[in-house]
Amino acid sequence: MPAAAPPVANPWSGSGSTSSGDGTPPEAAPSHTVLKSLLGAWALSACSAEETAAVEEHLGDCAPCADEALRLRDAVALLHTDRDLDLDPLLRFRVLENCLGRRPARIPVPAWADPYDAETARLDALLRDIGDSDWHAPVRLKWFEGNRQVNRRTTVAGVIGHLMSVDGLVASALGLADPLGSGAPRLPAERTEAYWSTADRPPTRTVRKPWREQSHALVRTVSFADRGVAELSVSYGGFALPLQDSLLDRAFECWIHAEDIADAVDYPYEPPSGKHLNRMIDLAARLLPAALAERRRAGLAAPPKQLVTAGSPGRSLHLEVEGSGGGNWYIALDSPAAVGSPDRSVAQVALDGVEFCRLVAGHVSPEEAAAGQDGDREAIRDVLFAAASLSRI
């Protein structure tokens, strides 16, 4: 008899398995090499149904292929000359949403979202460690209104509900579900009160799961979105921030409230890394001129002394932040449109980085915050109170 023909390798098998006796290929996953070779056809929607399903399942497991697929799909979108070339910044997320739902691949998180990713993970680790009774431990939230500190009593579970409610503003800006539903208030304080009034009484540890799922969804969405998503506007009702600043603000609040929870349950908790702390301080410093102007309009700060044209150097306060995450900032005193300048500095304040953040959070008073002060006392007082006014529930 003639020699039997050698077995034929199945291109859809990672191990070169042969066909069965009846000629039917065995059920086997395609190899990485085969699937990678199909990415171009997949991006052009030229794959068969079987190939498309195999490629998309692979993209949920393989980060390099997922990244290549995104680049190819973006390139294909540019070939459609009848469409607007300003691509939707969320296109990258929508392309692979279904694929990654099975098992998310390791994806690079944008540097500007790192603090939020880190602080939500740290808080979640704390929450996993505490017992059922700890979720009902009393927590007193503090912030400043006008020239005085105010507070609101809640529980550990209530704090997590508060974080979830305000994070929902970011979620809805990204097209994700708002945890409070459609038609919910936009002001953070009103959202929190709405959640507290409708949640199970009292809130329990069950709030951890939806909060954590939402934080994961936010990080995943911005990780797969186009770079332009960083400038997407997030409305807080009375003001708005670019998404990259909004997530930094949410990281700051997550850390501050994690400390509130840690104090309530006697749990050791450290400040953020120096790199992340520096970015939080920088955000507060950038917001200070507008906060000072708002207090001036309300009659809570001294009138401007030397107005200048927009973009010109104006009278400034030198904010020197010491310790981890520290640095030097120059705060324009007379107009948010002016530029802070070392040459126009009329006062200097020195604070520890963590202490400055606690001032911005409304946890310490302006009178007791500054370690060192020099120069125009009125300017110093106005800036310290403006820093405290950045706080909110």
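# A Tour of Cavities, Sheet, Helices and Pocket

Begin by selecting helices α11 (274–297) and α14 (377–389), each of which supplies at least two residues to the lining of the largest cavity. Helices (H or I, at least four residues) and strands (E, at least two) are DSSP runs, numbered from the N terminus. The model is predicted, so local features need pLDDT of at least 70 and side-chain atom pairs count only at pLDDT 80 or more, while totals for chains, interfaces and linings use all residues. Residues are numbered from 1 along each chain as its sequence is written, and side-chain values use heavy atoms, with hydrogens and water left out.

**Stop 1: the cavities**

Rolling a probe the size of a water molecule over the atoms shows where empty space is left. On a 1 Å grid over the protein atoms alone, a cavity is a set of points where a 1.4 Å probe fits but cannot get out; a pocket is an open set with protein on both sides within 12 Å along at least five of seven lines; and lining residues have an atom within 4 Å of a point. Grid points are joined across faces, edges and corners, and a volume is the space filled by probe spheres set on the points.

A search of the whole structure finds 2 cavities of 30 Å³ or more. The largest cavity holds about 70 Å³ of space. To see its lining, select L292, R296, A302, P303, K305, R315, L333, D334, D376, E378, A379 and D382. Helix α14 provides the largest share of this lining, 3 residues. By class, the lining has 5 nonpolar, no polar and 7 charged residues (Ala, Val, Leu, Ile, Met, Phe, Trp, Tyr, Cys and Pro count as nonpolar, Asp, Glu, Lys and Arg as charged, and the others, Gly among them, as polar).

Next, select L288, L317, L319, V349, L351, F356, V383, L384 and A387, which line the second largest cavity. Strands β5 and β7 and helix α14 each give two or more residues to that lining. The volume of the second largest cavity is about 40 Å³. What classes of residue line the second largest cavity? The lining has 9 nonpolar residues, with no polar and no charged ones.

**Stop 2**

Strands of a sheet pair through backbone hydrogen bonds, either parallel or antiparallel. Two strands pair if DSSP finds at least two bridges between them. Strands β5 and β6 are antiparallel, with 6 bridges, and L319 has W329 in β6 as its bridge partner.

Axes are lines fitted to C-alpha atoms, for helices over the stretch in contact (heavy atoms within 4.5 Å), and angles run from 0 to 180 degrees between N-to-C directions.

**Stop 3: a hairpin and a helix pair**

Move to strands β1 (138–145) and β2 (residues 148–155). They pair in the antiparallel sense over 8 bridges, and P138 has T155 in β2 as its bridge partner. The two strands form a hairpin with 2 residues between them, and G146 in the turn has a positive phi of about 65°.

Then select α7 (residues 156–173) and α10 (243–265). Their axes lie 10 Å apart, at an angle of about 180°. That makes α7 roughly antiparallel to α10 (angles under 35 degrees count as roughly parallel, over 145 as roughly antiparallel, 65 to 115 as roughly perpendicular and the rest as oblique). Residues in the contact include V159 and L163 of α7 and L247 and I261 of α10. By class, the contact has 11 nonpolar, 3 polar and 3 charged residues.

**Stop 4: the largest pocket**

Finish at F239, S389, L390, S391 and R392, which lie nearest the centre of the largest pocket among its 39 lining residues. This pocket holds about 1100 Å³ of space. Which element gives the largest share of its lining? Helix α11 does, with 9 residues. By class, the lining has 24 nonpolar, 6 polar and 9 charged residues.
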